[in-house]
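Here are some friendly notes to read alongside the structure. Keep the view open and find each part as you go.

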Amino acid sequence: MRIAIRGFGSVGQGLAEVLRDEGDRIRREESVDVRIVAAEDSSGSAADPDGIEPAELLEAKSEGPLASGRWTASIEDVDYDVLVEATPTDVEGGEPGMSNIREALSSGTHVVTSNKAPLALSYRELTELARENGVELLFEATVGGGMPLINLSRRCLAGNEVTSIHGVLNGTCNYILSRMAVEGLSYEQVLSDAQELGVAEADPTYDVEGLDTALKLVILADAVMGLSCSYDDVEVEGITGITQEALRLAGEDNMKIKLVGTVHDSRIEVGPRLVPSDHPLDVPGVLNAATLSTGLAGDITVTGMGAGSIETASAILSDLLSIPRA
Ligand SMILES: NC(=O)c1ccc[n+]([C@@H]2O[C@H](COP(=O)([O-])OP(=O)(O)OC[C@H]3O[C@@H](n4cnc5c(N)ncnc54)[C@H](OP(=O)(O)O)[C@@H]3O)[C@@H](O)[C@H]2O)c1
C-alpha cells in the first residue's frame, strides 16, 4: 500500500514513527507493506516512487523543511493508493484539507484523515464524492484520537441504532477543569500551566470555547447517527466562565463539572454539565470518554487518549488496514 502524507507535523510524524518502529510486525501480521512514497509540510514535499524509509523522513524533518532538496521528486510526481490528510484544522472553509481531500477522492484515491474541518463542514458532499469514485474516505482519527468510536459503531455495533451520544471529547478542557477541581486553582492559573506543559495551545480559544468538541460532535452525529447536520447547528458554550467556586459547590454534591458534547433528539449541544463523581464520563486529566446509547447493546462507553501523535496514528493505521486490498 503506497501512501502520501499531506501535513507532516505531530500526527504525520507519529504515523511515520509507528511505521518505523512497528512496520515489520504490521507486514508480518497484516500481510501489508505500508510504504510512504511522499510527505508534504508547509514548505513543499519529498517523494520517491520506490518509497522513503520512515526513519530517513523523520531525520530529514528534524533537520528542517521537507522541501530542502534531499529528495528531488515531489508529491505530484508519484502515484499512491491512499492520501493521509493531516494538515491543520481550519473551521473557516476547511483548507487546505478540503481541497486535498476533494482532489484525491475525485482522482480515485482513498483518503484517511485526522483533519476535522472538512468532514464537519462538508460531510455529505465528501462521502458522496468517495462513493461516486468507488474509494474509501475514513476518518476515525478526527474524533477521540486513539479511541475507536466511528469504527466501533460501524463494525462492532453494526445493526444497532445509536440513539444518543454523550462525550468528554476535549483533553485540554478536561485537564483544566480536573485540576481546578482537585487543586482549587483558578482557570487562569491552570491554563497558564497547561500552556507551559504543551497541554493547551498558545491560543486556546478553539479548545476552551468548545469549538473543537462541536466539530467532533458534528462528525459523530453524521457518521454514527446518520443525522445530516453542520457545524452551524451546534449550540456551543465553552468553559471560560467556570469558576473555582462553581467547581467547589459541585464537589460538595459529589459532582464534577465537565465539558460535555451531546447528540440527542437531533439536537447537538456542547457545554459545561454536572456529572456524578462515579459516572463513566468522569475521566481525569487529558483523557476523553464517550457513551454511545444503542438500541440493542445498551450504553457502551469508551475511554482513552483523545489526542497525541502516536495515539492518533493508531486510529489512522487502523483505517489504513481496513481499506480493501486488491
Ligand atoms: N495532534 C493530535 O493529537 C491530533 C489528534 C486528532 C486530530 N488531529 C488533527 O490532525 C491534523 C494534524 O494535527 P497535528 O497535531 O499533526 O498538527 P501540526 O503538528 O500543526 O502539523 C500540521 C502539519 O501540516 C503542515 N502544513 C501546514 N499547512 C500546510 C499546507 N498548506 N500544505 C501542506 N502541509 C501543511 C505543517 O507544516 P510545517 O511542519 O512546515 O509547519 C505540519 O507539518 C489537524 O487537523 C488536527 O486537528 C490532531
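Does Gly-51 count as buried, exposed or partly exposed, and how many C-beta neighbours does Gly-51 have inside 10 Å? Keep that in mind while we settle one thing: this is a predicted model.

1. **Gly-51.** To answer the opening question, Gly-51 has 16 C-beta neighbours inside 10 Å, so it counts as partly exposed. The reasoning rests on two cut-offs: a residue is buried with 20 or more such neighbours and exposed with 12 or fewer, and partly exposed in between. You will find Gly-51 in the loop between strand 3 and helix 2 (54-63). Leaving out residues up to four places away in sequence, Gly-51 touches Arg-35, Ile-36 and Val-37. Val-34 is 17 residues from Gly-51 in sequence, and their C-alpha atoms are 9.5 Å apart in space.

2. **Strand 2 and its hairpin.** Now look at strand 2 (residues 35-41), where six of the seven residues are buried. A hairpin of two residues joins strand 2 to strand 3. Strand 3 covers residues 44-47 and pairs with strand 2 in the antiparallel sense, over four bridges. To find this pairing on screen, look for Ala-39, whose bridge partner in strand 3 is Ala-46.

3. **Strand 1 beside strand 2.** Strand 2 also pairs with strand 1 (residues 2-6): these two run parallel and are joined by five bridges. Here Arg-6 has Glu-40 of strand 2 as its bridge partner. Follow the chain from strand 1 through helix 1 (residues 10-30) to strand 2, and you have traced a right-handed β-α-β unit.

4. **Strand 4.** Which way do the residues of strand 4 (residues 82-85) point? Val-82 and Val-84 point one way, Leu-83 and Glu-85 point the other way, and all are buried. Strand 4 pairs with strand 1 in the parallel sense over four bridges, and Ile-3 has Val-82 as its bridge partner there. Strand 4 is also joined to strand 5 (residues 110-113) by four bridges, and these two run parallel. Between strand 4 and strand 5 the chain passes through helix 3 (residues 97-106), making a right-handed β-α-β crossover.

5. **The ligand.** Which residues are closest to the ligand? They are Gly-7, Gly-9, Val-11, Ser-42 and Ala-307, out of 26 residues that surround the ligand. Helix 1, strand 2 and helix 11 (309-322) each supply at least two residues of this shell. Helix 1 provides the largest share, with three residues.

6. **Two domains.** The domain assignment gives domain 1 (2-146 + 309-322) and domain 2 (162-305). Notice that domain 1 is listed as two stretches of the chain. The centres of the two domains, taken over C-alpha atoms, are separated by 28 Å. Their contact takes 15 residues from domain 1 and 15 residues from domain 2. On the domain 1 side, helix 4 (residues 116-132) gives the most, with seven residues.

7. Another part to trace is an open sheet of six strands, in the order 8-10-9-7-11-12 and with mixed pairing. Why is one side of strand 8 (235-236) and of strand 12 (298-305) left without a neighbour in the sheet? Both stand at the edges and have a single partner strand each, so one side of each has no neighbour in the sheet. Further in, strand 7 (residues 162-168) and strand 11 (residues 287-294) run antiparallel and are joined by six bridges. Among these pairings, Gly-167 has Ala-290 of strand 11 as its bridge partner.

8. **The largest nonpolar core.** In soluble globular proteins, nonpolar side chains tend to be buried together. The largest nonpolar core here has 95 residues, and Ile-3, Val-84, Val-218, Ile-219 and Leu-220 touch the most other members. Helix 9 (residues 211-225) contributes the largest share, ten residues. The core draws at least three residues from each of domain 1 and domain 2.

Definitions and conventions
Residues numbered from 1 in each chain as written. Predicted model: local features only at pLDDT ≥ 70, side-chain atom pairs only at ≥ 80, totals over all residues. Core = buried A, V, L, I, M, F, W, Y, C linked by C-beta atoms within 7 Å. Domains from an automatic or database assignment. Pairing = 2+ DSSP bridges. Right-handed = clockwise from strand over helix to strand, strands pointing away. Near = placed C-beta within 6 Å. Contact = placed C-beta atoms within 7 Å.
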